[in-house]
Amino acid sequence: MKPNRIVKFLAAALLVAVPVLAAQTTVIQYDCIPNYANWGGVTKAYQQKTGVVVPPDMKGSSPSMAALEAERNNPKADCVYYSGAIGYQAATKGLHDHYKPKGWDKIPAGLKDPNGAWWTVHTGHIAILVNTAALKGKPIPRSFADLLNPIYKGMVVYDDPRFNGTGFTFVAGISSVLGGKDLTAGFDYLKKLDANILKYNKDNIYNELLRGEVPIWINADGNGLKAKHVDKGSIEVVIPAEGTITMPLVMALVKGAPHKEEARKYLDWLLGSEAQSLMAESFFQPVMPVKLSPELQAKFPPKSAYAKAKVIPLDRMAAQADEIKKRWEKEIDGGR
């Protein structure tokens with residue numbers, strides 16, 4: 001192609017491409033990690049259906065809340081996803097607009113703010129995710145007590161609770177699972193567990209678990225079940241013998257959202273059967289009544305596995321959130 005024809009070709013291509021880019025609508029969701037709760041699949045489906053892009057965002061719950069605080073006078077995000085207690089705490093800071101998405105009435109009363117400051121989109125439970133190949137012959141731990149066995153030294157990981165909501169839920173709730181009346185039993189346990197810790201991760205380590213670089217990850221059951229059934233890893237998901245912690249995952253409309261109307265449409269869609277089913281395919285329990293295929297339902301652990309699950313009031317965890325993070329930083333991370 002002669003040079004003048006190349007210039008004309010590129011100019012024509014730009015004339016076509018620019019309107020497409022200009023017409024592209026974006027909704028910014030803080031804490032939109034593709035390998036957590038199938039956000040990658042959920043947002044891809046929404047783009048295919050509507051053309052609206054919801055880009056990945058790797059911030060965890062607490063960094064998302066901190067970003068909203070920093071941007072309070074010039075919001076960048078439209079909506080946000082958190083572990084329940086951090087979402088509750090963010091609402092008390094006045095970071096959310098009130099909104100009740102379509103289907104609101106079907107969300108159980110205990111899983112939403114009555115005025116629409118936040119609401120649950122799905123729930124998960126804290127579990128022990130094990131890459132059985134990476135254990136190299138060691139027995140699969142079946143309880144939190146088992147994780148203290150010195151044979152697992154350097155093999156256990158849980159999320160830094162200052163960054164990730166799942167890690168916060170584990171640290172905030174472990175005392176109740178172990179029968180403690182305050183936080184003491186939990187922090188005593190975490191100090192003992194520290195001897196076997198490989199690292200306290202700040203980023204999502206889903207792929208490290210799959211590759212066996214992390215043998216044992218204390219995280220959401222759904223992430224382990226997806227690694228086992230969807231990505232076909234050598235993964236065992238253990239609901240600890242002592243019990244577990246129920247974890248609502250919540251969303252909210254950001255106060256002053258720059259794309260408020262598009263964000264409302266997206267939040268409406270997330271409570272519909274299509275999005276709820278996609279979330280269920282990554283083994284997080286839908287908050288809305290959706291019918292799952294018998295094949296998918298059979299891959300979830302039986303309800304009896306969660307008989308000892310603790311439901312800790314979000315207002316209590318939110319009120320203690322700053323204290324728990326500071327104490328963990330001083331007594332656990334600071335002791336390394």
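## Terms and basis of the model

On a 1 Å grid over the protein atoms alone, a pocket is an open set of points with protein on both sides within 12 Å along at least five of seven lines, whereas a cavity is a set of points where a 1.4 Å probe fits but cannot get out, and lining residues have an atom within 4 Å of a point. Grid points are joined across faces, edges and corners, and a volume is the space filled by probe spheres set on the points.

The model is predicted, with local features needing pLDDT of at least 70 and side-chain atom pairs counting only at pLDDT 80 or more, while totals for chains, interfaces and linings use all residues. Residues are numbered from 1 along each chain as its sequence is written, and side-chain values use heavy atoms, with hydrogens and water left out.

## Open pockets

The largest pocket, with a volume of about 240 Å³, is lined by His125, Gln285, Pro286, Met288, Val290, Leu292, Gln297, Phe300, Pro301, Lys303 and Tyr306. This lining holds 7 nonpolar, 3 polar and 1 charged residues, where Ala, Val, Leu, Ile, Met, Phe, Trp, Tyr, Cys and Pro count as nonpolar, Asp, Glu, Lys and Arg as charged, and the others, Gly among them, as polar.

The second largest pocket has a volume of about 210 Å³, and its lining residues include Pro108, Gly110, Leu111, Thr123, Thr246, Pro248 and Pro286, as well as Val287, Val311, Ile312, Pro313 and Leu314. By class, 9 of the residues lining the second largest pocket are nonpolar and 3 are polar, with no charged residues.

A search of the whole structure finds 2 cavities of 30 Å³ or more. The largest cavity has a volume of about 150 Å³ and is lined by 15 residues, among which Asp31, Ile33, Tyr36, Gly165 and Thr166 lie nearest its centre. Two elements, β2 (79-83) and α5 (165-177), each give two or more residues to this lining, helices (H or I, at least four residues) and strands (E, at least two) being DSSP runs numbered from the N terminus. The largest share, 3 residues, comes from β2, and the lining as a whole has 6 nonpolar, 7 polar and 2 charged residues.

The second largest cavity holds about 70 Å³ of space and is lined by Leu68, Glu71, Arg72, Pro75, Lys76, Gly94, Leu95, Val254 and Lys255. The classes in this lining are 4 nonpolar, 1 polar and 4 charged residues.

## Packing of helix α2Helix α2 (residues 39-50) packs with helix α9 (residues 260-270) at an angle of about 120 degrees, with their axes 12 Å apart; axes are lines fitted to C-alpha atoms, for helices over the stretch in contact, and angles run from 0 to 180 degrees between N-to-C directions. The two helices are therefore oblique to each other, since angles under 35 degrees count as roughly parallel, over 145 as roughly antiparallel, 65 to 115 as roughly perpendicular and the rest as oblique. Trp39, Val42, Thr43, Ala45, Tyr46 and Lys49 in α2 meet Glu262, Lys265, Tyr266, Trp269 and Leu270 in α9, contact meaning heavy atoms within 4.5 Å.

With helix α10 (residues 273-280), α2 packs at an angle of about 155 degrees, the axes lying 9 Å apart, and α2 and α10 are therefore roughly antiparallel. Here Trp39, Gly41, Val42, Ala45 and Lys49 in α2 meet Glu274, Leu278 and Met279 in α10, a contact of 5 nonpolar, 1 polar and 2 charged residues.
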